[in-house]
Amino acid sequence: ADNLLSPNYISRMNETFKGGKTVLTGIRNTKNYGGSFVSAAYSLGWLFQTGLLNSGRNVLGIPCFVNGTGFLIGADVLKKSGGWNWFTLTEDCEFTTYCALNGIEIGICRDAEFYDEQPVSFLVSWTQRLRWMKGKYQVLHKYGKDVFRGIFSKRSIICLDALSNIFPTSLLVLCSAVVLFISLLFTAKSVEALIISLIISI
């Protein structure tokens with residue numbers, strides 16, 4: 001209900017849809033950029049994610065990610081899946097992962113821009129991001145094995161990209177810290193050297 005579309009959004013998406021992609025996403029922007037430093041940070045993040053990253057994927061021939069709202073799904077996709085069947089806390093992420101596993105390419109329409117409202121307070125942002133983290137764990141639990149298997153069985157860079165999207169950052173940081181500690185443990189020549197190495201790495 002808080003979303004706004006650019007005047008030519010639907011016509012631009014329709015033109016791109018005729019090009020053959022069955023799922024499309026637009027460019028995500030925000031309507032309250034100047035609300036606070038929190039909403040401004042969100043705005044820059046979305047422009048980076050939907051503008052730069054998705055455009056890069058498009059150039060490389062890798063499917064884009066659906067992010068938030070502002071996307072188009074062909075009727076055939078919904079018919080094959082039996083309707084909208086993605087109900088985790090991050091259904092956009094779940095749908096993107098489903099597409100990656102089922103060979104559905106998500107395209108981008110750079111001329112279709114949509115604007116949504118971002119949190120202006122840190123507390124609201126914190127609550128929202130905790131919900132997103134929980135949603136990512138839900139998607140990882142539901143699709144993680146299939147995505148990981150697809151990286152090797154299909155030799156799929158698309159599955160690798162999808163795994164990077166659903167793998168929770170907190171878990172990635174924890175795994176990296178454990179690997180770092182183990183490597184330092186085996187390479188340090190003394191306890192003092194281990195402590196110094198840990199301090200430097202932090």
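Two strands pair if DSSP finds at least two bridges between them. In this predicted model, strand 1 and strand 4 (residues 106-116) meet that condition with two bridges and run in the antiparallel sense. Within strand 4, F114 is the residue that stands opposite L5. Helix 2 packs on the sheet and touches strand 2 (23-30) as well as strand 4; the direction of helix 2 makes about 150° with that of strand 2.

The pairing of strand 2 with strand 4 is parallel and extends over seven bridges. R28 stands opposite F114 of strand 4, the residue that also stands opposite L5. Taken as a whole, the sheet is open and consists of four strands in the order 1-4-2-3, with mixed pairing. Strand 1 (4-5) and strand 3 (71-73) are at the edges and have a single partner strand each, so one side of each is left without a neighbour in the sheet. In a regular strand, side chains alternate between the two faces of the sheet.

The secondary structure of the protein comprises eight helices and four strands. Starting at the N terminus, the elements follow the order β-α-β-α-β-α-α-β-α-α-α-α. The C-alpha trace spans about 65 × 45 × 30 Å along its principal axes.

Two helix pairs that share helix 5 were examined. Helix 4 (residues 91-101) and helix 5 (residues 122-153) pack with their axes 10 Å apart and at an angle of about 5°. Angles under 35 degrees count as roughly parallel, and helix 4 and helix 5 are therefore roughly parallel to each other. Helix 4 contributes C93, E94, T97, Y98 and L101 to this contact, while helix 5 contributes K136, V139, K142, Y143, D146 and V147. By class, the residues of the contact of helix 4 with helix 5 are six nonpolar, one polar and four charged.

For helix 2 and helix 5, the axes are 10 Å apart and the packing angle is about 40°. Helix 2 and helix 5 are therefore oblique to each other. On the side of helix 2 the contact is made by V38, Y42 and W46, and on the side of helix 5 by F122, S125, Q128, R129 and W132. Five nonpolar residues, two polar residues and one charged residue make up the contact of helix 2 with helix 5.

The largest pocket has a volume of about 1100 Å³. Its lining comprises 42 residues, and those nearest the centre of the pocket are W46, Q49, N67, W132 and K136. Of these, W46 and W132 also belong to the contact of helix 2 with helix 5, and K136 takes part in the contact of helix 4 with helix 5. At least two lining residues come from each of helix 2 (37-60), helix 4, helix 5, helix 6 (157-166) and helix 7 (169-187). Helix 2 supplies the largest share of the lining of the largest pocket, with ten residues. The lining of the largest pocket divides into 16 nonpolar, 16 polar and ten charged residues.

The count of cavities of 30 Å³ or more comes to one. About 60 Å³ of space lies in the largest cavity. The residues that line the largest cavity are I62, P63, C64, F65, T96, C99, A100, I104, I106, I158, D161 and A162. Helix 4 and helix 6 are the elements that give two or more residues to the lining of the largest cavity. In terms of class, the lining of the largest cavity has ten nonpolar residues, one polar residue and one charged residue. Helix 4 and helix 6 also each supply at least two residues to the lining of the largest pocket.

Key. Residues are numbered from 1 along each chain as its sequence is written. This is a predicted model: local features need pLDDT of at least 70, side-chain atom pairs count only at pLDDT 80 or more; totals for chains, interfaces and linings use all residues. Side-chain values use heavy atoms; hydrogens and water are left out. Axes are lines fitted to C-alpha atoms, for helices over the stretch in contact, and angles run from 0 to 180 degrees between N-to-C directions. Angles under 35 degrees count as roughly parallel, over 145 as roughly antiparallel, 65 to 115 as roughly perpendicular and the rest as oblique. Contact means heavy atoms within 4.5 Å. Ala, Val, Leu, Ile, Met, Phe, Trp, Tyr, Cys and Pro count as nonpolar, Asp, Glu, Lys and Arg as charged, and the others, Gly among them, as polar. On a 1 Å grid over the protein atoms alone, a cavity is a set of points where a 1.4 Å probe fits but cannot get out, and a pocket is an open set with protein on both sides within 12 Å along at least five of seven lines; lining residues have an atom within 4 Å of a point. Grid points are joined across faces, edges and corners, and a volume is the space filled by probe spheres set on the points.
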